[in-house]
Amino acid sequence: MKKILLLCDAGMSTSLMVKKMKEAAVKKGIEVEINALSIAKFQENLGNYDVFLLGPQVKYKKAELAAVAETVGKKVEIINTMDYGMMKGDKVLDLALSLID
């Protein structure tokens, strides 16, 4: 099972996106675990997820987090602002899955 973690300032604004992504996964028949947490929880969850997606509001942290994730063969990417704003869970799910080896 693929495991995806969305990160934002407090883990709150990404909660609706998680719901939309889970709905998209059900429609596609894909088994995934998707959660949202505060960016402060990144380090302690590094080994628990396959890929990390950043909410647009924390995109400034990408380089720092990507460098850490790279040491364990994981990827960090920013969620497209339009997809995030329009809650396009299917697009964000596709992005996450494309980043998992």
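In this predicted model, the largest nonpolar core holds 19 residues. Within this core, Ile4, Leu6, Met17, Met21, Ile34, Leu53 and Leu93 touch the most other members. Five elements each supply at least two residues: the strands β1 (2-8), β2 (32-38) and β3 (51-54), and the helices α1 (15-28) and α5 (89-99). The top contributor is α1, which gives five residues. In soluble globular proteins, nonpolar side chains tend to be buried together.

Neighbours within four places in sequence are left aside here. Another core, of twelve residues, lies apart from the largest one. Tyr49, Leu54, Val58 and Ala69 are among the members of this other core.

The fold comprises five helices and four strands. From the N terminus on, the order of elements is β-α-β-α-β-α-β-α-α. The radius of gyration is 12 Å, close to the 13 Å that the globule rule gives for 101 residues, so the protein is as compact as a globular protein of that length. The C-alpha trace spans about 35 × 25 × 20 Å along its principal axes. Of the 101 residues, 42% are buried. Contacts between residues at least 6 apart in sequence were also examined; 71% of them join residues at least 24 apart.

The surface was characterised by area and by charge. The protein exposes about 5500 Å². Carbon and sulfur atoms supply 53% of that area. There are 15 positive and 13 negative charges.

Ser13 sits in the loop between β1 and α1. Its relative accessible area is 35%, so Ser13 counts as partly exposed, the class between the 20% and 50% cut-offs. With neighbours within four places in sequence left aside, Ser13 is in contact with Cys8, Gln57, Tyr84 and Met87. Ser13 and Ala36 are 23 residues apart in sequence. In space, the C-alpha atoms of Ser13 and Ala36 are 8.7 Å apart.

Notes:
Residues are numbered from 1 along each chain as its sequence is written. This is a predicted model: local features need pLDDT of at least 70, side-chain atom pairs count only at pLDDT 80 or more; totals for chains, interfaces and linings use all residues. Side-chain values use heavy atoms; hydrogens and water are left out. The radius of gyration is taken over C-alpha atoms; the globule rule is 2.2 Å times the number of residues to the power 0.38. Buried means under 20% relative accessible area, exposed over 50%, partly exposed in between (1.4 Å probe, protein chains only). Contact means heavy atoms within 4.5 Å. Accessible areas come from the Shrake-Rupley method with a 1.4 Å probe; for residues, only the protein chains shown count as cover. Lys and Arg count as positive and Asp and Glu as negative; His and the chain ends are not counted. The place of a charge is taken as NZ of Lys, CZ of Arg, CG of Asp or CD of Glu. A nonpolar core is a set of buried Ala, Val, Leu, Ile, Met, Phe, Trp, Tyr and Cys residues joined through side-chain atoms within 4.5 Å.
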